[in-house]
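Visitor: I would like to learn how to read this complex. Can you take me through it step by step?

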Amino acid sequence: MAMNPNTPPTTHQAGAEHPLACGCSVEQVWDDMQAGHASAHAADCPHCLTARASLEQMAEATRLLIDEPVNPPSGLLDQIMNAVRADLARGDAIALPALSGTIDISASALAAVLRFAVDGVDGVRAHRCRIVVDPTVAHTVRVWMSVSLRYGSGEVTALDQARQRVGAALSARIGLVLDTLDFEVTDVWIADAPGAGSEGQP
Amino acid sequence: MITDWAPDDLATEVWAADAAARAARAVSGVVRLQPGVWGLIRHLAARAFEQATGQALPDIAGVNVDLVDGGVMVEVQLVVDGGYQAAAVGAAVCAAVCAAVPIAVGHPVTDVWVHIAEIDLTLD
């Protein structure tokens, strides 16, 4: 990423990207914006479009700050990326139980917690996660998650354990109730293979 | 969000936001407040203002406040420690904000919205 007046100081490294719900990253949107083009996906995707609009605001604000005789704060890029992600997360929030006021949590934050719970099971790796609120029972959700399994890890038992961990995480860490959880096994890897368990590993 | 330019209202909104921000940060399980893009711009502008003038503005990034009909509407966006239950932290923030803001500005909180933008799992 080249430095110019419209480019925030970069501190991120490969592998430390800020993912969007559509599978792209804030960094990809930024790179496309700097290159002056957008993919067919980015032209229609609400996540990419919102990120792009936010980044354009930030680019302008950053340019104005650079013009000022003050030093930009450290970690500016991470602050910008977190702010963009926070704005995006407001659109898909899930209500939490509240005695007063309104409390909600972004679906992406919730999905990260559930993937973290599944990743704690030996032989199972979580990938994509979708969460839908049950319209008939308050504070109850239905979850779909794609996973990869290690061959020979006792797949059914491992998935049962993962299911229990997701239910427990929803209750203990979030305050929601699990209605249904559908796993879709999208990949199997062989134990001891180089890079075993990494995303996309056959 | 600071919407009016009446000096008294502006000051009240800043102090209300400051009280709400302090109250929210003091709740166990709150890792940090998380501003959106507009909040970050305002925060950076405040830092620039401080460096230029030497006068401090309160750190209210992550908190939006509106004065409506004599009451205060508060919106707090934050990151929660993964070791705590998000709903319980959110409820505690609601209660803390509702208690702190009237003391600071003399207006009741008519509505409070706590948005959890992220769960920090690195603290587990």
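Visitor: How many of the 11 residues of strand β3 (residues 71–81) of chain B are buried?

Guide: A residue is buried if 20 or more other C-beta atoms, placed from the backbone, lie within 10 Å of its own; 12 or fewer make it exposed, and values in between partly exposed. In β3 of chain B, eight of the 11 residues are buried, so the strand is mostly covered. Strands are DSSP runs of E, at least two residues long, and helices are runs of H or I, at least four, numbered from the N terminus. This is a predicted model: local features need pLDDT of at least 70, side-chain atom pairs count only at 80 or more, and totals for chains, interfaces and linings use all residues. Residues are numbered from 1 along each chain as its sequence is written, with chains lettered from A and ligands numbered from 1 in the order in which they are written.

Visitor: Which strands pair with β3(B)?

Guide: Two strands pair if DSSP finds at least two bridges between them. Strand β1 (residues 30–33) of chain B runs antiparallel to β3(B), with three bridges. There, V30(B) stands opposite V80(B). Strand β2 (residues 63–68) of chain B is also antiparallel to β3(B), with six bridges. Here V65(B) faces V74(B) as its opposite residue. β4(B) is parallel to β3(B), over 10 bridges. V76(B) has V114(B) as its bridge partner in β4(B).

Visitor: What is the hand of the crossover from β3(B) to β4(B)?

Guide: Point the strands away from you: a clockwise path from the first strand over the helix to the second is right-handed. The path from β3(B) through α3(B) to β4(B) is a right-handed β-α-β crossover.

Visitor: Where in chain B is confidence lowest, and where highest?

Guide: pLDDT is the predictor's confidence in each residue, from 0 to 100. α2(B) is lowest, at a mean of 70, and α3(B) highest, at 95. The mean for chain B is 83. For the complex, the predictor gives an ipTM of 0.74 and a pTM of 0.65.
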